[in-house]
Amino acid sequence: MADDYLVRIGKLIRDARQHRGWTQSQLAEALATSQSAVNRIERGNQNISLEMIARIGEALDSEIVSLGYSGPMHLRVVGGRRLSGSIDVKTSKNACVALLCGSLLNKGRTVLRRVARIEEVFRLLEVLNSIGVRTRWINDGVDLEIVPPAELDMEAIDAEAARRTRSIIMFLGPLLHRMDTFRLPYAGGCDLGTRTIEPHMIALRRFGLDIAATEGLYHAQVDHSITPGRPIVLTERGDTVTENALLAAARHDGATVIRNASSNYMVQDLCFFLEALGVRVDGIGSTTLTVHGLPNIDVDVDYSPSEDPVEAMSLIAAAVVTESQLTIRRVPIEFLEIELAVLEEMGLDNDRTAEYAADNGRTRLVDLTVRPSKLEAPIDKIHPMPFPGLNIDNVPFFAAIAAVATGQTLIHDWVYDNRAIYLTDLNRLGGRLQLLDPHRVLVEGPTRWRAAEMMCPPALRPAVVVLLAMMAAEGTSVLRNVYVINRGYEDLAERLNSVGAQIETFRDI
């Protein structure tokens, strides 16, 4: 881009910012960058990508600088490159969305540190803002401040944003203590087949919540005279089901026992957050939780969610499929021990540092170095189990890993109705995957990857698996409409580029 164009674009951005009434610092905060960077952009002294122009246009709500924003985002991947160096794991997507919902329990100010700036979080913030919750990014856009109103305006809820995230279901637990009746749009999220909310209803009925679903809305009524008189037994050991029960129990005046609870990473982070609010939770890390609730929570709280084990697994898989040596820092090792044990049996060469504590003071982290390895297919099938088993969301990454191993690997993704089907998209890139039924895939390796142009699968983890295979494939691939990846990963392309990938973001104009 010629210098005169940079100057002209800079002036347009400056005019749009001034029209909005923002300072350079305010725009910098919205973009998660520095005031000096904004100053350079406005003076025409900073190279600026079309993607950055689109982000500025969105932040300023200005058609002048929103060139290309209206079209979907795509990725152009030049594959066959080795990765090197080190990369940090970001905070957990699933923990962050649970904590955003959990902030509704608190009448005081909540600050969450190093919140993932991802589409799933943005959608929840849009919903929270629409019902009167004040949120703002602070400390150069790294941390998030949340201040609730005295009364929530549920009639003004942003239904479009709510329907684009399944996390909205976790509003039920906090809201049942705040009002007698309310409505929520149906939960959305990834296309993973039918997922019933009945386990949520079974748990929350014990707190007096009754739901009728009509015309795209959950109509909720709460009988506050009903309280759990005996332990709540969850009918499935699900993460969001456990979180909803925890959120409901947190403001129940008394002790609530939750059995068959998930002990997964995001559930533990939510428990640590509840303890920061003053709610005692016994049994963290086990399948029986006892919550000593507080009917009124009004504290200023500062909490740091831990790192994301699924993102860590994504980065491990990236190193494996590209035959690279890569150091992945801040890996939450207690939630990846089974995965690493399986990979080591397959022949993965790796080492790790001594353990150290995450910023929440509780989660155990390591720095993990992965080296190029000759992998053999595992003897047993790859299948998920509730924690401490192999994580459900990590199963898709084993499709790409198995594809570079010698031999046949059976992957049994029994949890979701149709996620395994999306893994066969790897066949477009040279993979040899045979779909045995909607839950089982047989993977034959090793694979000679080849470049291709294709649409992004509508499910988050399979979409990233396709991206990783493109990084391994010689030549140039195109992955179209990657919104689903942005739902769960912050600046993934840029961060992979920082360790040697060549991924370009572009939009149709």
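Which residue of β5 is the bridge partner of T110? Select I146: in β5, I146 is the residue that bridges to T110. Before going on, note that this is a predicted model, in which local features need pLDDT of at least 70, side-chain atom pairs count only at pLDDT 80 or more, and totals for chains, interfaces and linings use all residues. Residues are numbered from 1 along each chain as its sequence is written, and side-chain values use heavy atoms, with hydrogens and water left out.

**Stop 1: strand β5 and its sheet**

Select residues 143-147, which make up strand β5. Strands here are DSSP runs of E with at least two residues, helices are runs of H or I with at least four residues, and both are numbered from the N terminus. Two strands pair if DSSP finds at least two bridges between them.

Four residues lie between the strands in the β4 and β5 hairpin, where N139 takes a positive phi near 55°.

Zoom out to see the open, mixed sheet of four strands, in the order β4-β5-β3-β13. Its edge strands are β4 and β13 (301-303), each pairing on one side only. On average, neighbouring strands are turned by 15° against each other, direction ignored; the axes behind such angles are lines fitted to C-alpha atoms, for helices over the stretch in contact, and angles run from 0 to 180 degrees between N-to-C directions.

Is β5 enclosed or open to the outside? Five of its five residues are buried, so β5 is largely enclosed by the rest of the structure. Buried means under 20% relative accessible area, exposed over 50%, and partly exposed in between (1.4 Å probe, protein chains only). In a regular strand, side chains alternate between the two faces of the sheet. Show the side chains: D143, E145 and V147 on one side and L144 and I146 on the other are all buried.

**Stop 2: two helices side by side**

Select residues 93-102 (α5) and 119-130 (α6), which pack at about 5° with their axes 10 Å apart. The two are therefore roughly parallel (an angle under 35 degrees; over 145 is roughly antiparallel, 65 to 115 roughly perpendicular, and the rest oblique). Contact means heavy atoms within 4.5 Å. Here K93, C96, V97, L100 and C101 of α5 meet E120, V121, L124, L125 and L128 of α6.

**Stop 3: T256**

Next, pick T256 in strand β10 (residues 255-259). At 2% relative accessibility, T256 counts as buried. Leaving aside neighbours within four places in sequence, T256 is in contact with residues including F207, P228, I232 and L289.

**Stop 4: D491**

Finish at D491, in the loop between α17 (483-488) and α18 (492-497). With 37% relative accessibility, D491 counts as partly exposed. Draw a C-alpha to C-alpha distance from D491 to V395: the two are 96 residues apart in sequence and 23 Å apart in space.
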